[in-house]
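Please walk through this protein with me, from the overall fold down to single residues.

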Amino acid sequence: MERILSGIQPSGTIHLGNYIGALRQWVALQEQYDSFFCLVDYHAITVRQDPEQLTYNTYSLVAMYLAVGLDPERVTLFRQSDVSAHTELAWIFNTFAYMGELERMTQYKDKAKQHKKNNNVGLFTYPLLMAADILLYQPKYVPVGEDQKQHIELTRELAERMNNVYGETFTIPEYFAAPQGARIMSLDDPTKKMSKSATSEWGYIALTDTPEVITKKVKKAMTDSGTAVVAGKTTPALTNLLTIYSVLSDKTIQEVEALYQGQGYGKFKQGLAEVIIEYLKPIQVNYATLMSDIPMLQRILQQGAAKAKLIADKTLNDVKAKIGIHP
Ligand code: AQP
């Protein structure tokens with residue numbers, strides 16, 4: 001069975017962008033692939049986190065993984081910091097990657113601007129920890145949103161570089177894009193991606209948002225000039241809203257456009273809010289139940305880490321031996 005691997009940072013509340021761009025695919029792919037999904041908490045600390053909140057966000061994230069439909073009997077769910085091979089391999093990659101390669105990363109450029117007072121070295125070397133997260137497990141595919149594509153390309157480059165020097169060491173992983181919604185944009189600014197750490201809460205819909213909050217956020221969402229509910233190059237805000245509607249309702253964008261023909265933005269937004277609320281209802285019920293049993297979440301993470309460690313340590317030991325660092 002071919003393997004897939006992906007992860008999300010416990011850096012805040014999961015939003016529709018994370019769900020449509022990543023999580024939703026994971027649920028569909030778990031049937032066909034040997035699936036490894038991690039909570040990348042060492043990535044989250046590249047931005048200053050409140051310690052108690054980080055612990056809470058970690059449980060919240062694993063509960064959300066399960067609430068959307070990941071089956072812990074089938075997939076391996078684990079926390080990055082429980083498997084020390086990630087940081088060890090990341091250090092080795094620090095000695096193989098070039099400054100220029102990391103300087104080109106658009107996420108680093110964005111985050112450095114966003115966090116001027118804490119532009120730490122971890123923000124810069126983040127893609128190398130991500131490369132280690134991936135390559136340790138030798139996956140064929142990495143299902144992530146489009147914003148992570150550049151990091152996957154760097155991961156491939158590093159894997160090829162090491163394979164060329166030391167012989168076959170890593171599987172070269174491929175980016176696996178969501179068929180629709182690989183980049184969901186912010187509701188209050190369709191030129192920016194929907195993000196957990198956005199300064200305004202009006203930009204994202206959290207999977208835990210109440211129906212009232214969802215209705216308010218959708219009502220306030222930016223639209224384009226005009227009145228017709230149509231997708232296209234000149235209507236980026238509507239295209240984004242139509243994409244969300246289409247994915248969550250299992251209708252094509254053309255079907256949604258036809259549904260709201262001649263009805264204006266008000267009716268469309270009302271319909272969109274209803275679609276989101278209905279879609280999230282069962283997820284929110286599952287999530288509340290799962291969050292009431294933290295020891296069970298801890299057990300799932302422990303079991304996952306034990307399975308992940310077996311594979312990760314094997315890859316790390318192979319790399320260490322090849323570079324001359326024997327146990
Ligand atoms: N707007 C988005 N559209 C589609 N996919 C998205 N992803 C993130 N935003 C969108 C995908 O979600 C997964 C998890 O992301 P992450 O937590 O590792 O970090 P991120 O990409 O930096 O996401 P955020 O929400 O913007 O987090 P912050 O604000 O903390 O940096 C990834 O697969 C990502 O592609």
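Predicted model: local features only at pLDDT ≥ 70, side-chain atom pairs only at ≥ 80, totals over all residues.

Residues are numbered from 1 along each chain as its sequence is written, and side-chain values use heavy atoms, with hydrogens and water left out.

Start with the fold. The protein chain has 13 helices and five strands. Helices (H or I, at least four residues) and strands (E, at least two) are DSSP runs, numbered from the N terminus. The radius of gyration is 20 Å, close to the 20 Å that the globule rule gives for 327 residues, so the chain is as compact as a globular protein of that length. That radius is taken over C-alpha atoms, and the rule is 2.2 Å times the number of residues to the power 0.38. Along the principal axes, the C-alpha atoms fill a box of roughly 70 × 45 × 40 Å.

Now the packing. Of the 327 residues, 52% count as buried. Buried means under 20% relative accessible area, exposed means over 50%, and partly exposed lies in between (1.4 Å probe, protein chains only). Among contacts with a separation of 6 or more, 76% join residues 24 or more positions apart. A contact means heavy atoms within 4.5 Å.

The protein chain exposes about 15,400 Å², and carbon and sulfur atoms supply 52% of it. These areas come from the Shrake-Rupley method with a 1.4 Å probe; for residues, only the protein chains shown count as cover. The chain carries 34 positive and 35 negative charges, and their mean positions are 4 Å apart. Lys and Arg count as positive and Asp and Glu as negative, while His and the chain ends are not counted. Each charge is placed at NZ of Lys, CZ of Arg, CG of Asp or CD of Glu.

Next come the rings. The structure holds 13 aromatic pairs. Rings of Phe, Tyr and Trp (its six-membered ring) pair if their centres lie within 6.5 Å; planes under 30 degrees apart count as stacked, over 60 as edge-to-face and the rest as tilted. One of the pairs is Tyr33 with Tyr141, edge-to-face at 5.8 Å centre to centre and 80° between the planes. Tyr33 lies in the loop between helix H1 (16–29) and strand E2 (34–39) and Tyr141 in strand E4 (residues 141–143), so the pair ties together parts that are 108 residues apart in sequence. Tyr33 is buried at 11% relative accessible area, and Tyr141 is buried at 17%.

Tyr108 and Phe124 have ring centres 4.9 Å apart and planes at 75°, so this pair is edge-to-face. Tyr108 sits in helix H6 (residues 106–114) and Phe124 in helix H7 (residues 121–135), so the pair ties together parts 16 residues apart in sequence. Both residues are buried. Elsewhere, ring pairs link Trp26, Phe37 and Tyr65 into a cluster.

Which residues have a positive phi without being a glycine? Gln138 has a phi of about 55°, and Asp250 one of about 60°. Gln138 lies in the loop between H7 and E4 and is partly exposed, at 24% relative accessibility. Asp250 lies in the loop between helix H10 (236–249) and helix H11 (253–259) and is exposed, with a relative accessible area of 69%.
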